[in-house]
Amino acid sequence: MTYLPALPPLPTPQAAATEPLPALLPTSPELWVVGDVHGALTKLKRLLWQAGLTNPQGQWQGGKAHVVFLGDYIDRGEDGVGTVRLIRTLQRQAHSTGGRVDALLGNHEAMLLAALRFAARDPQDNLKFFQFWTRNGGDTQELACFEPSDLAWMRRCPAMLRVGPWLLQHADSLMYLHYGQRVGDVNAAVAELLQSDDPESWHNLLALFTTRMAFQGEKGQYKAQQLLDTYQATRLVHGHTPVGSMFKWPPSMPSAPQWYAGKLCLNVDSGMTYTLGGFIVRLSVQEIAQVVSLDEW
Ligand SMILES: [Mn+2]
């Protein structure tokens, strides 16, 4: 990690080169959020089935529900490729029933994309993109299993979304402010970066993506409010840092979604690939409406 350059000054909004994604989506009567899956495909399928979003085989049965996956689909768990394929399939199936599935960009997808982008022109890995990914749990055995369409899909994953009053992003970090002051601008800038061949831009993205816990501690609530004000949302939902590690819960304690920073932030990373349990969360306009947890089984 030490090779990474100093972070760029904050903020550095970039001109949008691509059509911005819709920043504000209507609030679905059923909004579900799924934290870091990290290849825990068996658990993910069970959770989606238990929530009534799919049948036991993983086919969409969620009707008009809206499911947002918060990034980090690959590495560490049993089947990252299968996880990506399941989410892609659910996106198509949900679309046909008036539902919606979104998948945000996680740092593991960004690390993989960086490693692959520079593999041909930097075979000695002087830029250390490949090493950075493998040292952070990159699963090189899975590399050959990803098809070009999987990687193209990853490059299209938005960095953040706003759904009604909720701001949804992968990391508990202020990194998004480096890319724009509006949700659509951030997504356009990150999408442009993911198509670029500039190593420094990629280094900066990966360095920013290693930051976490920005909303913890004395100034956490203030920072969260700044972020939410900037992106015109009232509550933040994120993954990236498992709740058990953020709040130093003993391993025997079942994980659960956790509010913090004066209830401005909701951490929904169940760490499902590291722990016995796992959960997904349904949100109402301002609250947790339902938690579907494997700990109940
Ligand atoms: Mn992460």
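Helix α8 is followed by Gln232, a residue with a positive phi near 55 degrees. The structure is a predicted model, with a mean pLDDT of 91 and 90% of its residues at 70 or more.

**Helix α8**
- Helix α8 spans residues 220-230, and its buried residues are Ala224, Leu227 and Leu228.
- These residues lie on the same side of α8 because the arc they cover around the axis is only 95 degrees.
- The cover over the buried residues of α8 includes the strands β6 (166-169), β7 (235-238) and β9 (265-267).

**The five-stranded sheet**
- Five strands form an open sheet with mixed pairing, in the order β4-β3-β2-β10-β11.
- The edges are taken by β4 (100-103) and β11; each has a single partner strand, so one side of each is left without a neighbour in the sheet.
- On average, neighbouring strands of this sheet are turned by 20 degrees against each other, direction ignored.
- Strand β3 (residues 66-69) pairs with β4 in the parallel sense, over four bridges, and Val67 has Val101 as its bridge partner in β4.
- Helix α2 (residues 80-96) lies across β3 and β4 and runs at about 150 degrees to β4.

**Strand β10 and its partners**
- Strand β10 comprises residues 279-283, of which four of the five are buried.
- Towards strand β2 (residues 31-34), β10 pairs in the antiparallel sense over three bridges; within this pairing, Val281 of β10 is the bridge partner of Val33.
- Towards strand β11 (residues 288-293), β10 is joined by five bridges, and the two strands run antiparallel.
- Phe279 stands opposite Ser293 in β11.
- Four residues separate β10 from β11 in the hairpin that they form.

- In soluble globular proteins, nonpolar side chains tend to be buried together.
- The largest nonpolar core has 85 residues, and the members that touch the most others are Trp32, Val33, Leu104 and Leu168.
- Helix α6 (residues 183-194) makes the greatest contribution to this core, with eight residues.
- Beyond its neighbours within four places in sequence, Trp32 is in contact with Ala51, Leu53, Ala65, Val67, Ile280, Val281 and Arg282.

**Ala40 in its loop**
- Ala40 is located in the loop between β2 and α1 (41-50).
- Ala40 counts as buried because it has 26 C-beta neighbours inside 10 Å, where the cut-off is 20 or more.
- Residues up to four places away in sequence aside, Ala40 touches Gly77, Glu78, Met272, Thr273 and Gly278.
- The C-alpha atoms of Ala40 and Gly82 are 9.3 Å apart in space, although the two residues are 42 residues apart in sequence.

- The pLDDT is below 50 over residues 1-5, a stretch with eight contacts in the model beyond near neighbours in sequence.
- Over residues 10-20 the pLDDT stays under 50 as well, and the model has 24 contacts beyond four places in sequence for them.
- Where pLDDT is low, the predicted coordinates should not be read in detail.

How values were computed
Residues numbered from 1 in each chain as written. Predicted model: local features only at pLDDT ≥ 70, side-chain atom pairs only at ≥ 80, totals over all residues. Buried ≥ 20, exposed ≤ 12 C-beta atoms within 10 Å, placed from the backbone. Arc of directions from axis to C-beta. Contact = placed C-beta atoms within 7 Å. Core = buried A, V, L, I, M, F, W, Y, C linked by C-beta atoms within 7 Å. pLDDT = per-residue confidence, 0-100. Pairing = 2+ DSSP bridges. Axes fitted to C-alpha atoms, helices over the stretch in contact; angles between N-to-C directions.
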